[in-house]
Amino acid sequence: MEKYRALVVCGTGMGSSMLLKVMVDRVVMDNKLPISIESDVVAAAKSSSADFFIAGLDLVPTLEKIGRPVVGIKNMIDRKEILEKLQNQLDAFLT
Amino acid sequence: MTENLLEMLTPDRIRCNVRVADWKEAVAFTGKAMEQAGLAESRYTTAMRELIEKEGPYLVIAPGIALLHARPEEGVLKAGFVMITLSSPVNFGHSTNDPVWLLFGLAAATDKSHVQALSELALFLSEPGSIDALRNGKNEEDLMEVIREYSTSKSNK
């Protein structure tokens, strides 16, 4: 199965994006989703080759300007929310 | 920094029921606690505040929870974090996750242990019941007990 590339984004790439990456990694692994994950700062998002971005809700408007899909996570420690939103994004890619 | 939560969140890195007027005071208090714990210089506090002013309150990672941090080169002395609960929650201006009552001050590092520590913290927080147990803590000892119980239950698995 083809893997989609996701970039987890935050302002410094050191804190919340790292935490979110840990959680997303976990969810992807537990559910065997076809997604590979990296993390970086907002400024690096545009030049990245990611198929879509994952970030906290407040960064979504900034990332949407890049013109690639953005998955906004409200609660970064809620595995259920992360799984649901990743699945929706995968469904969107397939249709 | 080790990957064991119990070793990372030692009693000197925990403050319970702190009273602050607004998010700036919450950040200042968190920075002070990090200074006292020997994790960061005072300029790290300024950097944490400026990051929020510049990039917005995206550090409010979940309803009621903020993960404060700046970059490693902005005054980190030692990787680690502090945990603080507020007696009355404050707003950070987040679109969905205000008000905040639980704060983590993270002294960010560039090495792998940093990621291990964060993943340990994330898994602890995502465990059902962890947040409620922290919310019910009346003092530092209660909060320590929550961490201790979690660490024990995990090592028994």
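I looked up Val8(A) and found it opposite Ile54(A) in β3(A). Strands here are DSSP runs (E, at least two residues), helices likewise (H or I, at least four), numbered from the N terminus. This is a predicted model: local features need pLDDT of at least 70, side-chain atom pairs count only at pLDDT 80 or more, and totals for chains, interfaces and linings use all residues. Residues are numbered from 1 along each chain as its sequence is written, with chains lettered from A and ligands numbered from 1 in the order written.

**Strand β3(A).** I traced both neighbours. Strand β1 (residues 4-10) of chain A runs parallel to β3(A), joined by three bridges; pairing takes at least two DSSP bridges. On β4 (residues 70-73) of chain A I counted four bridges to β3(A), also parallel. There Ile54(A) has Val71(A) as its bridge partner. Four of the five residues of β3(A) (residues 52-56) are buried, so the strand is largely enclosed by the rest of the structure. Buried means 20 or more other C-beta atoms within 10 Å of the residue's own, C-beta atoms being placed from the backbone.

**Chain A against chain B.** I noted 20 residues from chain A and 26 residues from chain B in the contact (C-beta atoms, placed from the backbone, within 7 Å). α4(B) gives the largest share of chain B's side, six residues.

**α1(A) on α4(B).** The axes of α1 (residues 16-31) of chain A and α4(B) come within 9 Å and cross at roughly 65°. I took axes as lines fitted to C-alpha atoms over the stretch in contact, with angles from 0 to 180 degrees between N-to-C directions. That makes α1(A) roughly perpendicular to α4(B) (65 to 115 degrees). Met18(A) and Val115(B) are among the contact residues.

Key:
A residue is buried if 20 or more other C-beta atoms lie within 10 Å of its own, exposed if 12 or fewer, and partly exposed in between; C-beta atoms are placed from the backbone. Two residues are in contact if their C-beta atoms, placed from the backbone, lie within 7 Å. Angles under 35 degrees count as roughly parallel, over 145 as roughly antiparallel, 65 to 115 as roughly perpendicular and the rest as oblique.
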